Amino acid sequence: MTQAFQKVSALRGMNDALPGVGARWEQLEAIVRDWLAGYGYRNLRTPVLEYTRLFTRGIGEVTDIVEKEMYTFTDALNGDSLTLRPEMTAGMVRATIEHNLLYDRPQRVYAMGPVFRHERPQRGRYRQFHQIDVEALGFAGPDVDAELIVMLGRLWQRMGLTDVRLELNSLGQAEERAAHRAALITYLESHKDVLDEDGLRRMYSNPLRVLDTKNPAMQAMADAAPRLFDFLGDESRAHFDGVCKRLDDAGIGYRLNPRLVRGLDYYNLTVFEWVTDRIGAQGTVCGGGRYDGLIALLGGKPNPAVGFAIGMERLLELWEQAGEREAEPECDVYIVHQGEDAQRLAAKVGERLRDVGLAVIVHAGSGSFKAQFKRADTSGARVAVILGADEVASETASVKYLRGAGDAAPAQQQVPLAALPEVLKSKG
Ligand code: HAM
(Lines give C-alpha, C1' and ligand atoms only; values in the text may rest on other atoms or scores of the structure.)
Protein backbone atom coordinates (compact mmCIF):
# COMPACT_ATOMS: atom_id res chain seq x y z
CA MET A 1 0.00 0.00 0.00
CA THR A 2 1.32 3.45 -0.84
CA GLN A 3 1.70 5.87 2.05
CA ALA A 4 -0.40 9.04 1.89
CA PHE A 5 1.89 11.83 0.76
CA GLN A 6 2.21 14.64 3.23
CA LYS A 7 1.41 17.94 1.55
CA VAL A 8 4.39 20.16 0.87
CA SER A 9 4.16 23.86 1.63
CA ALA A 10 6.39 26.74 0.53
CA LEU A 11 9.33 27.66 2.78
CA ARG A 12 8.72 30.28 5.45
CA GLY A 13 9.36 33.77 4.15
CA MET A 14 9.14 32.64 0.52
CA ASN A 15 5.95 33.58 -1.28
CA ASP A 16 3.86 32.45 -4.21
CA ALA A 17 2.41 35.23 -6.36
CA LEU A 18 -1.01 33.88 -7.38
CA PRO A 19 -2.36 34.70 -10.87
CA GLY A 20 -4.10 37.99 -10.01
CA VAL A 21 -1.03 39.20 -8.12
CA GLY A 22 1.24 37.78 -10.82
CA ALA A 23 -0.48 40.10 -13.29
CA ARG A 24 0.43 43.06 -11.06
CA TRP A 25 4.05 41.92 -11.02
CA GLU A 26 4.05 41.84 -14.80
CA GLN A 27 2.53 45.32 -15.01
CA LEU A 28 5.18 46.60 -12.63
CA GLU A 29 7.96 44.91 -14.58
CA ALA A 30 6.68 46.45 -17.83
CA ILE A 31 6.65 49.93 -16.28
CA VAL A 32 10.15 49.39 -14.89
CA ARG A 33 11.59 48.21 -18.23
CA ASP A 34 10.11 51.18 -20.01
CA TRP A 35 11.37 53.58 -17.33
CA LEU A 36 14.90 52.16 -17.46
CA ALA A 37 14.98 52.22 -21.25
CA GLY A 38 14.20 55.94 -20.99
CA TYR A 39 17.63 56.40 -19.35
CA GLY A 40 19.58 53.99 -21.56
CA TYR A 41 19.89 51.09 -19.09
CA ARG A 42 20.33 47.60 -20.50
CA ASN A 43 19.56 44.23 -18.97
CA LEU A 44 22.44 42.21 -17.48
CA ARG A 45 21.42 38.84 -16.02
CA THR A 46 23.67 37.00 -13.63
CA PRO A 47 23.23 33.65 -11.85
CA VAL A 48 21.36 33.30 -8.59
CA LEU A 49 24.14 31.10 -7.21
CA GLU A 50 27.72 32.34 -6.80
CA TYR A 51 30.88 31.38 -4.89
CA THR A 52 30.49 32.42 -1.27
CA ARG A 53 33.74 34.36 -1.29
CA LEU A 54 32.28 36.84 -3.81
CA PHE A 55 29.87 38.03 -1.13
CA THR A 56 32.15 37.81 1.92
CA ARG A 57 34.71 39.90 0.03
CA GLY A 58 32.22 42.18 -1.73
CA ILE A 59 29.66 42.92 0.98
CA GLY A 60 32.10 42.67 3.91
CA GLU A 61 32.81 40.04 6.61
CA VAL A 62 31.37 42.09 9.45
CA THR A 63 27.90 42.82 8.08
CA ASP A 64 24.55 41.34 9.11
CA ILE A 65 24.12 39.91 5.64
CA VAL A 66 27.40 37.98 5.61
CA GLU A 67 27.46 37.14 9.32
CA LYS A 68 23.96 35.72 9.61
CA GLU A 69 21.69 36.04 6.59
CA MET A 70 23.25 34.11 3.73
CA TYR A 71 21.96 30.81 2.38
CA THR A 72 25.34 29.13 2.14
CA PHE A 73 25.95 25.46 1.50
CA THR A 74 28.69 23.13 0.38
CA ASP A 75 28.40 21.70 -3.11
CA ALA A 76 28.23 17.98 -2.31
CA LEU A 77 29.96 17.11 -5.58
CA ASN A 78 33.17 19.09 -5.16
CA GLY A 79 33.16 20.77 -1.77
CA ASP A 80 32.84 24.36 -3.11
CA SER A 81 31.16 26.84 -0.79
CA LEU A 82 28.23 28.38 -2.66
CA THR A 83 25.72 31.08 -1.69
CA LEU A 84 22.33 32.15 -3.03
CA ARG A 85 22.80 35.82 -3.86
CA PRO A 86 21.73 38.07 -0.95
CA GLU A 87 21.94 41.11 -3.27
CA MET A 88 22.87 41.71 -6.88
CA THR A 89 25.66 44.29 -6.94
CA ALA A 90 28.50 41.85 -6.24
CA GLY A 91 27.35 39.54 -9.06
CA MET A 92 26.89 42.43 -11.49
CA VAL A 93 30.42 43.62 -10.71
CA ARG A 94 31.82 40.10 -11.03
CA ALA A 95 30.22 39.73 -14.48
CA THR A 96 31.51 43.17 -15.51
CA ILE A 97 35.07 42.20 -14.58
CA GLU A 98 34.83 38.66 -15.98
CA HIS A 99 33.62 39.87 -19.38
CA ASN A 100 35.71 43.03 -19.41
CA LEU A 101 32.62 45.17 -20.00
CA LEU A 102 34.36 48.42 -19.07
CA TYR A 103 37.28 48.08 -21.48
CA ASP A 104 36.16 50.86 -23.81
CA ARG A 105 33.23 52.63 -22.19
CA PRO A 106 31.12 52.88 -19.06
CA GLN A 107 27.98 50.78 -18.74
CA ARG A 108 24.45 51.37 -17.52
CA VAL A 109 22.93 48.03 -16.55
CA TYR A 110 20.01 46.63 -14.59
CA ALA A 111 18.55 43.33 -13.43
CA MET A 112 15.30 42.22 -11.85
CA GLY A 113 15.00 39.00 -9.92
CA PRO A 114 15.00 37.05 -6.66
CA VAL A 115 17.51 37.49 -3.85
CA PHE A 116 17.75 35.53 -0.60
CA ARG A 117 18.35 36.57 2.99
CA HIS A 118 17.74 34.43 6.04
CA GLU A 119 16.01 37.13 8.08
CA ARG A 120 13.09 36.85 10.50
CA PRO A 121 10.07 37.11 8.19
CA GLN A 122 7.49 39.83 8.83
CA ARG A 123 5.44 42.23 6.72
CA GLY A 124 7.75 43.61 4.04
CA ARG A 125 10.62 41.34 5.07
CA TYR A 126 10.98 38.01 3.33
CA ARG A 127 13.61 35.33 2.85
CA GLN A 128 13.17 35.27 -0.89
CA PHE A 129 12.37 38.73 -2.18
CA HIS A 130 12.91 40.54 -5.45
CA GLN A 131 15.01 43.51 -6.39
CA ILE A 132 15.20 45.91 -9.27
CA ASP A 133 18.94 46.48 -9.30
CA VAL A 134 20.39 49.35 -11.29
CA GLU A 135 24.12 49.97 -11.68
CA ALA A 136 26.04 52.76 -13.45
CA LEU A 137 29.55 51.36 -13.86
CA GLY A 138 32.57 53.46 -14.76
CA PHE A 139 31.09 56.88 -13.89
CA ALA A 140 32.82 59.10 -11.32
CA GLY A 141 30.91 62.37 -11.16
CA PRO A 142 28.05 63.56 -8.98
CA ASP A 143 25.97 64.01 -12.15
CA VAL A 144 25.33 60.27 -12.32
CA ASP A 145 24.55 59.96 -8.59
CA ALA A 146 21.97 62.70 -9.06
CA GLU A 147 20.61 61.22 -12.27
CA LEU A 148 19.95 57.91 -10.52
CA ILE A 149 18.05 59.66 -7.75
CA VAL A 150 16.07 61.86 -10.16
CA MET A 151 15.25 58.74 -12.12
CA LEU A 152 13.73 57.20 -8.99
CA GLY A 153 11.66 60.33 -8.47
CA ARG A 154 10.28 59.83 -11.95
CA LEU A 155 9.35 56.21 -11.21
CA TRP A 156 7.45 57.16 -8.06
CA GLN A 157 5.63 59.83 -10.01
CA ARG A 158 4.78 57.48 -12.82
CA MET A 159 3.35 54.98 -10.32
CA GLY A 160 1.38 57.66 -8.49
CA LEU A 161 3.37 57.25 -5.25
CA THR A 162 3.52 60.38 -3.16
CA ASP A 163 4.69 59.45 0.33
CA VAL A 164 8.27 58.42 -0.41
CA ARG A 165 11.04 60.55 1.12
CA LEU A 166 14.69 60.74 0.22
CA GLU A 167 17.40 60.44 2.87
CA LEU A 168 20.90 61.34 1.83
CA ASN A 169 24.38 61.13 3.33
CA SER A 170 28.01 61.00 2.31
CA LEU A 171 30.39 58.35 3.65
CA GLY A 172 33.42 60.20 2.26
CA GLN A 173 36.59 58.35 1.29
CA ALA A 174 38.60 55.62 3.01
CA GLU A 175 41.07 58.03 4.72
CA GLU A 176 38.25 60.20 6.02
CA ARG A 177 36.44 57.16 7.33
CA ALA A 178 39.71 56.00 8.96
CA ALA A 179 40.12 59.32 10.79
CA HIS A 180 36.47 59.24 11.86
CA ARG A 181 36.76 55.61 12.84
CA ALA A 182 39.69 56.34 15.17
CA ALA A 183 37.73 59.16 16.79
CA LEU A 184 34.66 56.94 17.04
CA ILE A 185 36.52 54.05 18.67
CA THR A 186 37.93 56.42 21.27
CA TYR A 187 34.38 57.67 21.86
CA LEU A 188 32.92 54.15 22.10
CA GLU A 189 35.70 53.09 24.48
CA SER A 190 34.66 55.88 26.80
CA HIS A 191 31.01 54.69 26.63
CA LYS A 192 31.57 50.95 27.00
CA ASP A 193 29.09 50.78 29.86
CA VAL A 194 26.11 51.49 27.55
CA LEU A 195 27.15 49.17 24.68
CA ASP A 196 25.19 45.95 24.24
CA GLU A 197 26.74 42.65 23.16
CA ASP A 198 26.60 43.48 19.43
CA GLY A 199 28.05 46.91 20.14
CA LEU A 200 30.98 45.53 22.11
CA ARG A 201 31.65 42.92 19.46
CA ARG A 202 31.60 45.44 16.62
CA MET A 203 33.32 48.28 18.44
CA TYR A 204 36.66 47.57 16.75
CA SER A 205 35.55 45.57 13.72
CA ASN A 206 32.79 47.88 12.46
CA PRO A 207 32.26 50.84 14.80
CA LEU A 208 30.05 52.73 12.31
CA ARG A 209 27.49 49.96 12.47
CA VAL A 210 27.39 50.28 16.27
CA LEU A 211 25.66 53.64 15.73
CA ASP A 212 23.07 52.00 13.51
CA THR A 213 21.70 50.20 16.59
CA LYS A 214 18.00 49.74 17.26
CA ASN A 215 18.67 49.43 20.99
CA PRO A 216 16.89 52.35 22.75
CA ALA A 217 19.40 52.26 25.61
CA MET A 218 22.15 53.17 23.16
CA GLN A 219 20.35 55.95 21.28
CA ALA A 220 21.60 58.91 23.31
CA MET A 221 25.17 57.62 23.05
CA ALA A 222 24.79 57.11 19.28
CA ASP A 223 23.24 60.57 18.78
CA ALA A 224 26.17 62.33 20.43
CA ALA A 225 28.90 60.31 18.69
CA PRO A 226 31.37 62.00 16.31
CA ARG A 227 29.82 62.31 12.86
CA LEU A 228 31.52 61.07 9.76
CA PHE A 229 30.09 64.01 7.85
CA ASP A 230 32.26 66.35 9.95
CA PHE A 231 35.39 64.47 8.85
CA LEU A 232 34.83 64.92 5.12
CA GLY A 233 37.57 66.73 3.19
CA ASP A 234 37.07 69.33 0.46
CA GLU A 235 36.75 66.88 -2.43
CA SER A 236 34.15 64.73 -0.70
CA ARG A 237 32.19 67.80 0.27
CA ALA A 238 32.35 69.11 -3.28
CA HIS A 239 31.01 65.80 -4.58
CA PHE A 240 28.19 65.88 -2.08
CA ASP A 241 27.37 69.50 -2.90
CA GLY A 242 27.39 68.55 -6.59
CA VAL A 243 24.74 65.92 -5.94
CA CYS A 244 22.63 68.27 -3.81
CA LYS A 245 22.75 71.06 -6.40
CA ARG A 246 21.52 68.75 -9.12
CA LEU A 247 18.74 67.43 -6.92
CA ASP A 248 17.71 71.04 -6.30
CA ASP A 249 17.76 71.64 -10.06
CA ALA A 250 15.37 68.72 -10.49
CA GLY A 251 13.14 69.81 -7.62
CA ILE A 252 13.83 66.66 -5.59
CA GLY A 253 13.60 67.22 -1.84
CA TYR A 254 15.87 65.35 0.57
CA ARG A 255 16.88 65.14 4.19
CA LEU A 256 20.54 64.95 5.13
CA ASN A 257 20.76 61.99 7.50
CA PRO A 258 24.29 61.74 8.93
CA ARG A 259 23.38 58.41 10.54
CA LEU A 260 22.58 56.74 7.24
CA VAL A 261 25.39 54.17 6.88
CA ARG A 262 23.77 51.32 4.88
CA GLY A 263 24.22 47.64 5.69
CA LEU A 264 26.90 46.79 3.12
CA ASP A 265 30.58 47.73 3.37
CA TYR A 266 31.32 48.71 -0.22
CA TYR A 267 29.98 52.27 -0.19
CA ASN A 268 31.84 55.58 -0.30
CA LEU A 269 30.70 59.18 -0.89
CA THR A 270 26.97 59.34 -1.74
CA VAL A 271 24.56 56.96 0.01
CA PHE A 272 20.79 57.27 -0.04
CA GLU A 273 17.53 55.58 0.86
CA TRP A 274 13.93 56.23 -0.12
CA VAL A 275 11.59 55.56 2.81
CA THR A 276 7.86 55.58 3.44
CA ASP A 277 5.59 55.26 6.50
CA ARG A 278 2.81 53.58 4.53
CA ILE A 279 3.88 49.94 4.55
CA GLY A 280 4.73 49.26 8.18
CA ALA A 281 8.07 48.91 9.92
CA GLN A 282 9.98 47.81 6.80
CA GLY A 283 9.60 51.17 5.10
CA THR A 284 12.79 51.37 3.04
CA VAL A 285 11.71 50.96 -0.56
CA CYS A 286 15.07 51.62 -2.17
CA GLY A 287 18.70 51.91 -1.09
CA GLY A 288 21.93 52.62 -2.88
CA GLY A 289 25.00 54.70 -3.29
CA ARG A 290 28.45 55.02 -4.74
CA TYR A 291 30.92 52.13 -4.49
CA ASP A 292 34.10 53.33 -6.18
CA GLY A 293 36.34 50.69 -4.55
CA LEU A 294 34.35 47.52 -5.22
CA ILE A 295 35.46 46.76 -8.75
CA ALA A 296 39.14 46.85 -7.72
CA LEU A 297 38.36 44.96 -4.49
CA LEU A 298 36.93 42.12 -6.58
CA GLY A 299 40.00 42.00 -8.82
CA GLY A 300 39.07 44.38 -11.64
CA LYS A 301 40.86 47.44 -12.94
CA PRO A 302 39.88 50.31 -10.61
CA ASN A 303 36.69 51.96 -11.81
CA PRO A 304 34.10 54.08 -10.03
CA ALA A 305 30.45 53.01 -9.87
CA VAL A 306 27.12 53.90 -8.32
CA GLY A 307 23.77 52.15 -8.12
CA PHE A 308 20.71 51.21 -6.13
CA ALA A 309 18.22 48.42 -5.55
CA ILE A 310 14.46 48.66 -5.06
CA GLY A 311 12.61 46.01 -3.02
CA MET A 312 9.84 44.93 -5.36
CA GLU A 313 7.49 43.47 -2.72
CA ARG A 314 7.60 46.77 -0.82
CA LEU A 315 7.11 48.76 -4.00
CA LEU A 316 4.11 46.63 -4.98
CA GLU A 317 2.52 47.04 -1.57
CA LEU A 318 2.94 50.78 -1.77
CA TRP A 319 1.54 50.83 -5.29
CA GLU A 320 -1.46 48.78 -4.21
CA GLN A 321 -2.21 51.40 -1.56
CA ALA A 322 -1.86 54.29 -3.97
CA GLY A 323 -5.13 53.44 -5.69
CA GLU A 324 -7.66 50.86 -6.67
CA ARG A 325 -6.91 49.29 -10.00
CA GLU A 326 -9.24 47.12 -12.03
CA ALA A 327 -8.26 43.50 -12.33
CA GLU A 328 -6.67 42.70 -15.67
CA PRO A 329 -8.99 40.69 -17.94
CA GLU A 330 -7.68 37.24 -18.78
CA CYS A 331 -8.55 37.70 -22.46
CA ASP A 332 -10.43 39.88 -24.97
CA VAL A 333 -12.62 37.12 -26.37
CA TYR A 334 -14.02 33.96 -24.77
CA ILE A 335 -15.38 31.33 -27.18
CA VAL A 336 -18.21 29.08 -25.98
CA HIS A 337 -19.42 26.13 -28.02
CA GLN A 338 -21.77 23.17 -28.03
CA GLY A 339 -21.09 19.84 -29.74
CA GLU A 340 -17.92 18.32 -31.13
CA ASP A 341 -18.07 20.04 -34.53
CA ALA A 342 -18.49 23.41 -32.86
CA GLN A 343 -15.63 22.65 -30.48
CA ARG A 344 -13.29 21.91 -33.38
CA LEU A 345 -14.47 25.03 -35.19
CA ALA A 346 -13.88 27.04 -32.00
CA ALA A 347 -10.22 26.00 -31.97
CA LYS A 348 -9.82 27.24 -35.56
CA VAL A 349 -11.70 30.49 -34.94
CA GLY A 350 -9.52 31.09 -31.88
CA GLU A 351 -6.37 30.89 -34.03
CA ARG A 352 -7.81 33.32 -36.62
CA LEU A 353 -8.64 35.84 -33.89
CA ARG A 354 -5.15 35.54 -32.40
CA ASP A 355 -3.80 36.27 -35.90
CA VAL A 356 -5.23 39.78 -35.59
CA GLY A 357 -3.79 40.29 -32.13
CA LEU A 358 -6.73 39.41 -29.91
CA ALA A 359 -6.24 37.44 -26.68
CA VAL A 360 -8.58 34.47 -26.83
CA ILE A 361 -9.66 31.71 -24.47
CA VAL A 362 -11.45 28.81 -26.12
CA HIS A 363 -13.58 27.07 -23.53
CA ALA A 364 -11.85 23.76 -22.81
CA GLY A 365 -13.90 20.57 -22.65
CA SER A 366 -17.66 20.83 -22.77
CA GLY A 367 -20.42 21.99 -20.41
CA SER A 368 -23.79 23.74 -20.63
CA PHE A 369 -23.93 27.15 -22.32
CA LYS A 370 -24.88 28.56 -18.95
CA ALA A 371 -21.76 27.20 -17.24
CA GLN A 372 -19.58 28.32 -20.15
CA PHE A 373 -21.04 31.84 -20.08
CA LYS A 374 -20.28 32.04 -16.39
CA ARG A 375 -16.63 31.29 -17.17
CA ALA A 376 -16.69 33.82 -19.99
CA ASP A 377 -17.94 36.44 -17.59
CA THR A 378 -15.38 35.79 -14.84
CA SER A 379 -12.59 35.82 -17.42
CA GLY A 380 -13.21 39.54 -17.85
CA ALA A 381 -13.56 39.10 -21.63
CA ARG A 382 -15.19 41.94 -23.52
CA VAL A 383 -16.88 39.62 -25.98
CA ALA A 384 -18.23 36.08 -26.01
CA VAL A 385 -18.31 34.25 -29.33
CA ILE A 386 -20.94 31.53 -29.46
CA LEU A 387 -20.67 28.51 -31.74
CA GLY A 388 -23.44 25.88 -31.85
CA ALA A 389 -24.86 23.55 -34.49
CA ASP A 390 -26.68 26.43 -36.26
CA GLU A 391 -23.54 28.52 -36.47
CA VAL A 392 -21.51 25.57 -37.80
CA ALA A 393 -24.15 25.04 -40.51
CA SER A 394 -24.42 28.70 -41.51
CA GLU A 395 -20.69 29.50 -41.09
CA THR A 396 -21.49 32.35 -38.78
CA ALA A 397 -20.84 33.14 -35.14
CA SER A 398 -23.06 34.78 -32.57
CA VAL A 399 -21.24 37.61 -30.91
CA LYS A 400 -22.32 38.76 -27.47
CA TYR A 401 -20.85 41.90 -25.92
CA LEU A 402 -20.29 41.26 -22.24
CA ARG A 403 -19.06 44.70 -21.25
CA GLY A 404 -18.15 48.12 -22.54
CA ALA A 405 -19.53 47.73 -26.08
CA GLY A 406 -20.88 51.28 -26.21
CA ASP A 407 -24.32 52.32 -27.45
CA ALA A 408 -23.70 51.51 -31.10
CA ALA A 409 -23.19 47.78 -30.69
CA PRO A 410 -26.21 45.51 -30.28
CA ALA A 411 -26.11 43.14 -27.31
CA GLN A 412 -25.86 40.19 -29.65
CA GLN A 413 -25.27 39.93 -33.38
CA GLN A 414 -24.71 37.32 -36.04
CA VAL A 415 -21.41 37.68 -37.93
CA PRO A 416 -20.10 35.62 -40.87
CA LEU A 417 -16.99 33.70 -39.75
CA ALA A 418 -14.87 35.25 -42.49
CA ALA A 419 -15.64 38.74 -41.19
CA LEU A 420 -15.27 37.90 -37.48
CA PRO A 421 -11.60 38.85 -36.97
CA GLU A 422 -12.14 42.30 -38.50
CA VAL A 423 -15.41 42.92 -36.64
CA LEU A 424 -13.96 42.01 -33.24
CA LYS A 425 -10.70 43.82 -33.86
CA SER A 426 -12.44 47.04 -34.82
CA LYS A 427 -14.54 46.92 -31.67
CA GLY A 428 -11.29 46.71 -29.63
P1 HAM B 1 19.82 46.84 0.38
O2 HAM B 1 19.53 48.11 1.09
O3 HAM B 1 20.40 45.74 1.19
O4 HAM B 1 20.80 47.23 -0.80
O5 HAM B 1 18.52 46.29 -0.33
C6 HAM B 1 17.80 47.09 -1.25
C7 HAM B 1 16.31 47.01 -1.00
O8 HAM B 1 15.88 45.65 -1.00
C9 HAM B 1 15.86 47.54 0.35
O10 HAM B 1 15.75 48.93 0.34
C11 HAM B 1 14.50 46.87 0.51
O12 HAM B 1 13.51 47.59 -0.22
C13 HAM B 1 14.72 45.53 -0.17
N14 HAM B 1 14.93 44.48 0.86
C15 HAM B 1 16.05 44.23 1.56
N16 HAM B 1 15.88 43.17 2.37
C17 HAM B 1 14.61 42.72 2.18
C18 HAM B 1 13.82 41.64 2.70
N19 HAM B 1 14.32 40.77 3.58
N20 HAM B 1 12.54 41.50 2.25
C21 HAM B 1 12.03 42.34 1.32
N22 HAM B 1 12.73 43.38 0.79
C23 HAM B 1 14.00 43.57 1.20
C24 HAM B 1 21.33 46.34 -1.69
O25 HAM B 1 20.96 45.21 -1.82
C26 HAM B 1 22.39 46.95 -2.59
N27 HAM B 1 22.89 45.89 -3.48
C28 HAM B 1 21.82 48.11 -3.37
C29 HAM B 1 22.81 48.72 -4.32
C30 HAM B 1 22.88 48.50 -5.66
N31 HAM B 1 23.80 49.53 -4.00
C32 HAM B 1 24.48 49.84 -5.09
N33 HAM B 1 23.93 49.21 -6.08
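1. Please keep in mind throughout that the model is a predicted one. The structure holds 1 cavity of 30 Å³ or more, and the space in the largest cavity comes to about 110 Å³. Of the 16 residues in its lining, those closest to the centre are Leu-208, Leu-211, Pro-226, Pro-258 and Arg-259. By residue class, the lining of the largest cavity divides into 10 nonpolar, 2 polar and 4 charged residues.

2. As to the overall layout, the domain assignment divides the chain into domain 1, made of residues 19–172 + 232–321, and domain 2, made of residues 333–426. The C-alpha centres of domain 1 and domain 2 are 48 Å apart.

3. Helix α4, which spans residues 89–98, is mostly covered, since 8 of its 10 residues are counted as buried. These buried residues are Thr-89, Ala-90, Gly-91, Met-92, Val-93, Arg-94, Ala-95 and Thr-96. The elements that they pack against are strand β2 (49–51), helix α2 (52–59), strands β5 (107–116) and β6 (128–137), and helix α11 (294–297). Just after α4, Asn-100 takes a positive phi of about 55 degrees.

4. Asp-133 has its place in strand β6, and Asp-133 is classed as buried because its relative accessible area is 0%. Leaving out residues up to four places away in sequence, Asp-133 touches Met-88, Thr-89, Met-92, Val-109, Tyr-110, Ala-111, Phe-308 and Ala-309; Thr-89 and Met-92 are also among the buried residues of α4. Asp-133 and Asn-43 are 90 residues apart in sequence, and their C-alpha atoms are 9.9 Å apart in space.

5. Two residues of strand β9 (residues 268–275) deserve a look, and Glu-273 is one of the residues placed in that strand. Is Glu-273 buried or exposed? Glu-273 counts as buried because its relative accessibility is 15%, where the cut-off for buried is under 20%. The side chain of Glu-273 is joined to that of Arg-262 by a polar contact of 2.9 Å. Apart from neighbours within four places in sequence, the residues in contact with Glu-273 are Arg-165, Leu-166, Glu-167, Leu-260, Arg-262, Thr-284, Cys-286 and Gly-287. Leu-269 is likewise found in strand β9, and Leu-269 counts as buried because its relative accessibility is 5%. The phi of Leu-269 is near 45 degrees, a positive value in a residue other than glycine.

6. Glu-395 also has a positive phi, near 50 degrees, and is a residue other than glycine. Its place is in the loop between helix α15 (389–394) and strand β15 (396–401). Glu-395 is classed as exposed because its relative accessible area is 57%, the cut-off for exposed being over 50%.

7. Gly-380 lies in the loop between helix α14 (369–378) and strand β14 (383–387). Setting aside residues up to four places away in sequence, Gly-380 touches Pro-329, Cys-331 and Arg-403. Between Gly-380 and Gln-157 there is a separation of 223 residues in sequence and, from C-alpha to C-alpha, of 29 Å in space.

Notes:
Residues numbered from 1 in each chain as written. Predicted model: local features only at pLDDT ≥ 70, side-chain atom pairs only at ≥ 80, totals over all residues. Heavy atoms only, no water. Domains from an automatic or database assignment. Buried < 20%, exposed > 50% of the residue type's maximum accessible area, 1.4 Å probe, protein only. Helix = DSSP H or I, 4+ residues; strand = E, 2+ residues; numbered from the N terminus. Contact = heavy atoms within 4.5 Å. Polar contact = N/O pair within 3.5 Å; in protein donor to acceptor, adjacent residues only side chain to side chain. 1 Å grid on protein atoms, 1.4 Å probe; cavity = no way out; pocket = protein on both sides within 12 Å on 5 of 7 lines; lining within 4 Å. Points joined across faces, edges and corners; volume = space filled by probe spheres on them. Nonpolar A, V, L, I, M, F, W, Y, C, P; charged D, E, K, R; others polar.
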